[in-house]
Amino acid sequence: MYSLAELADRFGLEFTGEAGRMITGIATLAEAGSGDLAFLANDKYLPQLAATRAGAVILRPELAPRCPADCLIAAAPYVAFARISHLFDRAPQPVTGVHPSACVSPDADVHASASIGPHVVVEAGAVLAADVILGAGVYIGHDSHLGRGTRVYPHAVIYHDVRLGEHCVIHAQAVLGADGFGFAPGPAGWEKVCQLGGVRLGDRVEIGACTTVDRGTLGHTEIADGVIIDNLVQVAHNCRIGKNTAIAGCTGLAGSTIIGANCTLAGGVGVVGHVQLCDDVHVTGMTMVTRSITQPGSYSSGTPMAMTRDWKRNAVRFSQLESIQKRLAALESRSKHTDKG
Amino acid sequence: MYSLAELADRFGLEFTGEAGRMITGIATLAEAGSGDLAFLANDKYLPQLAATRAGAVILRPELAPRCPADCLIAAAPYVAFARISHLFDRAPQPVTGVHPSACVSPDADVHASASIGPHVVVEAGAVLAADVILGAGVYIGHDSHLGRGTRVYPHAVIYHDVRLGEHCVIHAQAVLGADGFGFAPGPAGWEKVCQLGGVRLGDRVEIGACTTVDRGTLGHTEIADGVIIDNLVQVAHNCRIGKNTAIAGCTGLAGSTIIGANCTLAGGVGVVGHVQLCDDVHVTGMTMVTRSITQPGSYSSGTPMAMTRDWKRNAVRFSQLESIQKRLAALESRSKHTDKG
Amino acid sequence: MYSLAELADRFGLEFTGEAGRMITGIATLAEAGSGDLAFLANDKYLPQLAATRAGAVILRPELAPRCPADCLIAAAPYVAFARISHLFDRAPQPVTGVHPSACVSPDADVHASASIGPHVVVEAGAVLAADVILGAGVYIGHDSHLGRGTRVYPHAVIYHDVRLGEHCVIHAQAVLGADGFGFAPGPAGWEKVCQLGGVRLGDRVEIGACTTVDRGTLGHTEIADGVIIDNLVQVAHNCRIGKNTAIAGCTGLAGSTIIGANCTLAGGVGVVGHVQLCDDVHVTGMTMVTRSITQPGSYSSGTPMAMTRDWKRNAVRFSQLESIQKRLAALESRSKHTDKG
């Protein structure tokens, strides 16, 4: 429970209204009650402002006059909301120490402040820095290192020779360091290429549930500081992802792809192997990236959704585009002759 | 082993042929032997009827005269097959009780009829109702509740504050309640928004292997009664999915998407965030849903598959469609002038 | 550490240069040092050859004269590299025996040479042949069999009645044998069809992390010898995949799909149910396969990536293709009249 003035002071914001108003929770404009703090970050929700029952609202200064409640005024309301949201976190926090059911190698280096949950396995040579948290059933392979404050949720699997920086978050069932998909076409079938590299994550990297980051063939798969990756994303061997890039769910990066810094890949994007995206590229949802991108900007592919019966007619015509182009060119040529004749 | 008359009686069906015929198994029309029951639900398989060696066949009344075997007559043969199939289930059933290797908090409320497999973890405040089954290695977080008869297969992870109704089925490696992908673009990089909501599932919900359902940011991610979701599906934070909707594999729903009741999303579909699909919408495979849908019906996007060399030619022309349209308009304009002239 | 002559001898290759040159590692052309072996398998990297600092390079005979370093000469350099790569594998190898924290049913048949990691569960009726390796937390269901030398990485889940041949590799979080997505539309909602079949894998099958292979409804889901499947792939119930076929990440196969031998499916491909692909088919990335393919060759769908503003204009025109075709036909018809007139 925090007073409005206390929140303003703690997060460097201005406020209007009652300094002593007590805030006990955080909610949407539509659902907030008189003890709740709401926020307005997306103008799409502006129509909800007038009717909100929130005790206070985080919003931009120019909207304060239109707010029926007290205001916390922020140049970037969503960032302010992000920071304040942590005050209301009710998630249970694990206790320090090693659960008796965990199997921690005597040759692992585990800081006394680490929290090791039930049924965890930590192999020889692993290093867990201060304040590391491993949820139930997490597996940490040989010689893998987790930096200070890194948290791994239940059942994530980290193979050998994987390094995570500080304050990373790895969600349940994520897999870091499985073999890259490398096979040579031999005379009797596929011959496996041993995947000799590892995985390197910078600081403050977040990896979603069921996301897979493969180890490198030679050299490492590398994810830079501040990268955030959603659920069910595939990062193939020897990819390199630049600082603060964000990748949404169900996206797949093929091998040796290089993504620049500050890129945003929307959901379901696919990137072919051995291409490079420069910094500050945005790729819209379900786009197929088939070549390198050298200019910042927004890129897309695909076709618009339609009623299936309409789509079918247009889709058939897609298959005739080459002939449509030829028919058009023939008409143009004839038209010129007609004009001349 | 069941007699034909016994099956008819138990499932409210008519039969033709030998009442005492013993049925020992269930198989396809093509593979069934004389002790097997087959079924004909899809007319695509009608040509196989005449040659079947099945002891009996489940089919619609009008097809009975064409069946060389005894018949179980059903208005909805596939539903009858679904119900009868459970009689032949040979899957091992777990024993009641808590496996000695499981770690169950003394502050969890576990019904005596529940079955808790090896290496399971159940945290404080969790509630497991009668007949709940937890496979090996399942993790149930703090204050999460599982209704009567709900079954969770090995290694699924259920975070804190997740509620499942009765008779749900959660397959291996599914993750319910991981953090939604919520980050604000701060001055020095992404700032995490604490995901304060939970997940709420109704009754009889089935969730496939490696499917992820994220917790809500504020408020819950909600999946209504009778929803079925296949493998490797991403349901982002604050999605709401209506009753009896079916979602096939590899589909992704972005944040705050609302899907109506009785919808069917085929495989590989992507739905952008903050849109709403009304009830009774069908979306064909790999469609990109980029806007709300307000009318029931079938929706699609994409282009038809072709030989790569043909596809390439047409794909190039796709990139010229705007200019093709302009050239066509110019010709039309010229053609009018010609007619007038 | 191996001498150049020793490598040539062991792998049946020719060499040029110093027989006694000691090779201590393997690296890319760009990163190799004087103790490293590099390789040149893709002509894309030919420009890097002249400047390499590698001690020796694996390459095709005709490129040897252009190599500044010693050469290991191979008709198929990538295959030679694949084979040699295993010499430099530093991955830790598990110890033989059953970890005390594992729960192995007394009714399972486990070969004395098998390695069973911590927190593994092996159910009754399971058979683990010689040299099987189960990583931490692996689950092996009732009556599932693993052939000689098969390795399962941590936390993979293998349900009951799943059979794996010899020398298979299953990566972390993979799920073999979860229920197929089979439901009949009953009067009050979906009615589950019991999935009575199992899964059958041949020899030398590799399954990637978080990949799911569902059990069959009636009969088995079958994957033939030498098939390789990447991460996050969905193989639905009753699929059959032919020998030596390769499937890249994020691909989904719907139910009862049959894929021939020696096919290659690139990443993000979707295949609808109940279709059949003949042998030797290649499908390019993110293609939607909506019908059977009866001729070997390469197949594609989709549209090319472009700047979003250009793509939007063309995408709008896609929705007008049927009317563009009609306008074009009208002009053609008028043009013929004009010519005649």
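In which sense do strand β40 of chain B and β39(C) pair, and over how many bridges? They pair in the antiparallel sense, over 2 bridges. Keep that link between chains in mind; the tour returns to it.

**Before you click**

This is a predicted model: local features need pLDDT of at least 70, side-chain atom pairs count only at pLDDT 80 or more, and totals for chains, interfaces and linings use all residues. Residues are numbered from 1 along each chain as its sequence is written, while chains are lettered from A and ligands numbered from 1 in the order in which they are written.

Element names follow DSSP runs: helices (H or I, at least four residues) and strands (E, at least two), numbered from the N terminus. Two strands pair if DSSP finds at least two bridges between them.

**Stop 1: chains A and B**

Show both chains. Chain B can be laid on chain A by a turn of 120° and a shift of 0.0 Å along the axis, with an RMSD of 0.1 Å. The two copies are therefore related as by a three-fold rotation axis.

**Stop 2: where chain C meets chain B**

Select 61 residues of chain C and 62 residues of chain B: these are in contact (C-beta atoms, placed from the backbone, within 7 Å). On the chain C side, the elements that give two or more residues include β39 (297-300), α3 (308-318) and α4 (321-340). Which element gives the most? It is α4(C), with 6 residues.

Colour that side by class. You get 28 nonpolar, 24 polar and 9 charged residues. Here Ala, Val, Leu, Ile, Met, Phe, Trp, Tyr, Cys and Pro count as nonpolar, Asp, Glu, Lys and Arg as charged, and the others, Gly among them, as polar.

Now zoom in on the opening pair. B:A306 stands opposite C:S300 in β39(C).

**Stop 3: helix α3 of chain C**

Select C:W311, C:N314, C:A315, C:R317 and C:F318. These are the buried residues of α3(C) (buried: 20 or more other C-beta atoms within 10 Å of its own; exposed: 12 or fewer; partly exposed: in between; C-beta atoms placed from the backbone). They cover an arc of only 155° around the axis, so they sit on the same side of α3(C). The arc is that of the directions from the helix axis to the C-beta atoms.

**Stop 4**

Go to chains A and B. 12 strands form an open sheet with mixed pairing, running from β40(A) through β39(B) and on to β8(B). Its edge strands are β40 (306-307) of chain A and β8 (97-98) of chain B, and each pairs on one side only.

At the chain crossing, β40(A) and β39(B) run antiparallel, joined by 2 bridges. A:A306 stands opposite B:S300. Further along, β14 (residues 133-134) and β17 (residues 151-152) of chain B run parallel. There B:I133 stands opposite B:R151.

**Stop 5: strand β6 of chain A**

Select residues 56-59. A:A56 and A:I58 point one way, A:V57 and A:L59 the other, and all are buried. β5(A) runs parallel to β6(A), with 3 bridges; A:F39 stands opposite A:I58. β7(A) is also parallel to β6(A), with 4 bridges. In β7(A), A:D70 is the bridge partner of A:A56.

**Last stop: the core**

The largest nonpolar core has 228 residues (buried Ala, Val, Leu, Ile, Met, Phe, Trp, Tyr and Cys residues joined through C-beta atoms within 7 Å). A:A156, B:A156 and C:A156 have the most contacts inside it. Centre on A:A156. Among the residues it touches, not counting those up to four places away in sequence, are A:V138, A:I170 and A:A172.

Definitions and conventions. Two residues are in contact if their C-beta atoms, placed from the backbone, lie within 7 Å. Copies are superposed by least squares on the C-alpha atoms of residues with pLDDT of at least 70 in both.
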